[in-house]
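User: I am new to this structure and would like a close look at one part of it. Please start there, then show me how the surroundings are built.

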Amino acid sequence: AWGGQRRLSLSYAQTLQNIPETQVTTLENGLRVASEESNQPTCTVGVWIEAGSRYEDTKTNGAGFFMEHLAFKGTKKRPGSAFEKEVESLGAHLNGYTSREQTAFYIKAFSKDMPKAVELLSDLVQNCELENSQIEKERGVILQELKEMDSNLTDVTFDYLHATAYQGTALAHTVEGTTENIKKLTRADLASYVDTHFKAPRMVLAAAGGISHRELVDAAKQHFTGTSFAYKEGSVPSLPRCRFTGSEIRARDDALPLAHIALAVEGPGWADPDNVVLNVANAIIGRYDRTFGGGKNQSSRLAALAVEHNLCHSFEPFNTSYSDTGLFGFHFVCDPLSIDDMMFCAQGEWMRLCTSATDSEVTRAKNYLRNAMVAQLDGTTRVCENIGNHLLHYGRRIPLEEWDARISAVDARMVRDVCSKYIYDKCPAVAAVGEQSSYVCPDSLNHSGSLLVSSCLCMGGVPRHICH
């Protein structure tokens, strides 16, 4: 058995060592071209752009999401449905997303079609048509989407969490924008957004799969050389500072059968090494859903408590990072009368991490993270997205070997120290959606792990349409 374990560990180490190198080339206009080559019949090629709702103000919030919709509806070169038809003729898949700090468009295609995919992406980001009739059509589509999004209570809760944690700052904006903004945004607003943010130095062209980096660079030079890179004086977009405010917001609706609660303290930004330790801490806490097997025998102490005392329907910790700040916390769904008990147990688990995390559970959590890390190797799309994200967040692709070394360096004392740094005596931000008449907002945690209630900002009864 020992020999089998040893062979398994060697296989894991060899897997990390045998991952192809990420090659990066910067073109004269500032566009970064990055790729990871492998012997696969397919590839994923995408453009990752440093643009999102954090770069918008209260009047233009939603412009990036609007642009994402319009990007698939034709370009000056391929009007109307011609763009999508050309993608489909390759048997390819086109997708995109917008978040608070980045926007991405990517195509999964046969490896032989990589140059064509690059050309299509360049057309999409450089020549979006912004035709008035199409803008009005998509306006209606987006307004309908906003109504439908209200039914996803998890997303609603996290939007409220951002709204209260970063109140008065750009991170409080929803990605999709408000209903009022979507109704008012003009073609000039959208054109200004593209002109400001879709600049070559803010972009990464990433690819993974059966491709050649040299051919990728050649295709980028051919199709992306014309991408604008110059700014008018004083017009270079910068990230506005977003302060964290310990506070509470409640959207009470007694007609809902369950309560959704999210609680978070301020976490570190992307590049902070504390992130690895906090991810280990979250792996110790674990996650739970009533559909899981195992019952009280689960390795997660909080999951075992949830089963034994029927505390919740589900819970999951999170560590959401942005450039210079983050949200470290947990989200749970429970019956209204169980909110306080679940909150007490969850925060008790936080305090236990600060004072008595053990070596054995840290080892288990580190192995869980390693498994999740290696899972990033599954499929060209996940690898491509990893490359694009890393170059925007860190300025380089961090090899899995380096991540493994960072995980290996974490021990129980580090978990206790880092958790104390972010959790102990910090006022959290709390968002609650649903029926929560018996819920009392926690202000901070004292040394015994009990709740101190005094100064949380209560904004109960706020209707969803204020955010959307």
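Does Lys-421 count as buried, partly exposed or exposed, and why?

Analyst: Lys-421 counts as partly exposed, because its relative accessibility is 47%. The cut-offs explain the label: buried means under 20%, exposed means over 50%, and partly exposed lies in between. Keep in mind that this is a predicted model.

Start with where the residue sits. Lys-421 lies in helix H16, which spans residues 412-423. Leaving out residues up to four places away in sequence, Lys-421 touches Asp-274 and Lys-426. Cys-354 is 67 residues from Lys-421 in sequence, yet the two C-alpha atoms are 8.6 Å apart in space.

Those names lead to other elements. Take Asp-274 and helix H10. H10 covers residues 274-285. Its axis comes within 8 Å of the axis of helix H13 (residues 359-374), and the two cross at roughly 105°. H10 and H13 are therefore roughly perpendicular to each other. On the H10 side, the contact is made by Val-276, Asn-279, Val-280, Ala-283 and Ile-284. On the H13 side, the residues are Glu-361, Val-362, Arg-364, Ala-365, Lys-366, Tyr-368 and Leu-369. By class, this contact has 8 nonpolar, 1 polar and 3 charged residues.

H13 has another partner. The axes of H13 and helix H15 (residues 400-408) come within 10 Å and cross at roughly 170°. That angle makes H13 roughly antiparallel to H15, because the cut-off is over 145 degrees. H13 brings Lys-366, Leu-369, Arg-370 and Met-373 to this contact. H15 brings Leu-400, Trp-403, Asp-404, Ile-407 and Ser-408. Here the classes are 5 nonpolar, 1 polar and 3 charged residues. Lys-366 and Leu-369 are listed in the contact with H10 and again in the contact with H15.

H12 takes in residues 339-356. It lies across strands S8, S10 and S11, running at about 145° to S11. These strands belong to an open sheet of 6 strands with mixed pairing, in the order S7-S12-S8-S11-S10-S9. The edge strands are S7 (248-252) and S9 (288-289), and each pairs on one side only. S7 runs parallel to strand S12 (residues 429-434), and 5 bridges join them. Within that pair, Ile-249 stands opposite Ala-431 in S12. Helix H6 (residues 153-165) also packs on the sheet. H6 touches S7, S8, S10, S11 and S12, and its direction makes about 145° with that of S12.

The bridge partner of Val-45 in S5 is Ile-107. S3 also runs antiparallel to strand S6 (residues 203-209), here with 7 bridges. Val-47 has Leu-205 as its bridge partner in S6.

Step back to the chain. It has 16 helices and 14 strands. Of its 468 residues, 53% count as buried. The chain exposes about 20,600 Å², and carbon and sulfur atoms supply 51% of that area. Among contacts with a separation of 6 or more, 79% come from residues 24 or more positions apart. The partly exposed Lys-421, in helix H16, is one place from which to read the rest.

Note on methods:
Residues are numbered from 1 along each chain as its sequence is written. This is a predicted model: local features need pLDDT of at least 70, side-chain atom pairs count only at pLDDT 80 or more; totals for chains, interfaces and linings use all residues. Side-chain values use heavy atoms; hydrogens and water are left out. Helices (H or I, at least four residues) and strands (E, at least two) are DSSP runs, numbered from the N terminus. Buried means under 20% relative accessible area, exposed over 50%, partly exposed in between (1.4 Å probe, protein chains only). Contact means heavy atoms within 4.5 Å. Accessible areas come from the Shrake-Rupley method with a 1.4 Å probe; for residues, only the protein chains shown count as cover. Two strands pair if DSSP finds at least two bridges between them. Axes are lines fitted to C-alpha atoms, for helices over the stretch in contact, and angles run from 0 to 180 degrees between N-to-C directions. Angles under 35 degrees count as roughly parallel, over 145 as roughly antiparallel, 65 to 115 as roughly perpendicular and the rest as oblique. Ala, Val, Leu, Ile, Met, Phe, Trp, Tyr, Cys and Pro count as nonpolar, Asp, Glu, Lys and Arg as charged, and the others, Gly among them, as polar.
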